[in-house]
Amino acid sequence: MTPFPARHYYGKPASQLTRREAAQLAAMLPNPRFYQDNRNARGLLVRTNAVLGRMDHSQTPR
């Protein structure tokens with residue numbers, strides 16, 4: 001991944017990502033080169049939804 005993946009994939013800083021965009025970036029981690037060209041892959045959608053589900057049960061560091 002690039003040093004600033006939010007800017008690379010979404011054209012904005014990480015602080016401005018939606019929950020879904022942030023979850024999708026996290027879901028891409030096992031194979032970002034593949035998912036860069038296959039953003040509609042079923043596996044990415046499943047992983048993105050799993051990350052979104054976990055977001056409600058986690059706390060961000062302060």
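## Gln24 in helix H2

Gln24 is buried, its relative accessible area being 16%, in this predicted model. The residue belongs to helix H2, and, leaving aside residues up to four places away in sequence, Gln24 touches Tyr10, Arg39, Leu44 and Thr48.

## Packing of H2 against H4

Helix H2, spanning residues 19-28, packs with helix H4, spanning residues 42-55, at an angle of about 120 degrees, and the two axes lie 8 Å apart. That angle makes H2 oblique to H4, and the crossing of H2 and H4 is right-handed.

On the side of H2, the contact is made by Arg19, Arg20, Ala22, Ala23, Gln24, Ala26, Ala27 and Met28, while H4 contributes Leu44, Leu45, Arg47, Thr48, Asn49, Val51, Leu52 and Met55. By residue class, this contact of H2 with H4 divides into ten nonpolar, three polar and three charged residues.

## Salt bridges

Two salt bridges are found when the whole structure is searched. In one of them, Arg19 and Asp56 meet through their side chains, with a distance of 2.9 Å from N to O. This pair links distant parts of the chain, since Arg19 is in helix H2 and Asp56 is in the segment after H4, 37 residues apart. Arg19 counts as partly exposed at 45% relative accessibility, whereas Asp56 is exposed, with a relative accessible area of 56%.

A salt bridge is also formed by Lys12 with Glu21, where the closest N and O atoms are 3.0 Å apart. Glu21 is buried because its relative accessible area of 17% falls under the 20% cut-off.

Methods
Residues numbered from 1 in each chain as written. Predicted model: local features only at pLDDT ≥ 70, side-chain atom pairs only at ≥ 80, totals over all residues. Heavy atoms only, no water. Axes fitted to C-alpha atoms, helices over the stretch in contact; angles between N-to-C directions. Helix = DSSP H or I, 4+ residues; strand = E, 2+ residues; numbered from the N terminus. Parallel < 35°, antiparallel > 145°, perpendicular 65-115°, else oblique. Left-handed = near helix turned anticlockwise from the far one by under 90°. Contact = heavy atoms within 4.5 Å. Nonpolar A, V, L, I, M, F, W, Y, C, P; charged D, E, K, R; others polar. Buried < 20%, exposed > 50% of the residue type's maximum accessible area, 1.4 Å probe, protein only. Salt bridge = Lys/Arg side-chain N within 4 Å of Asp/Glu carboxyl O.
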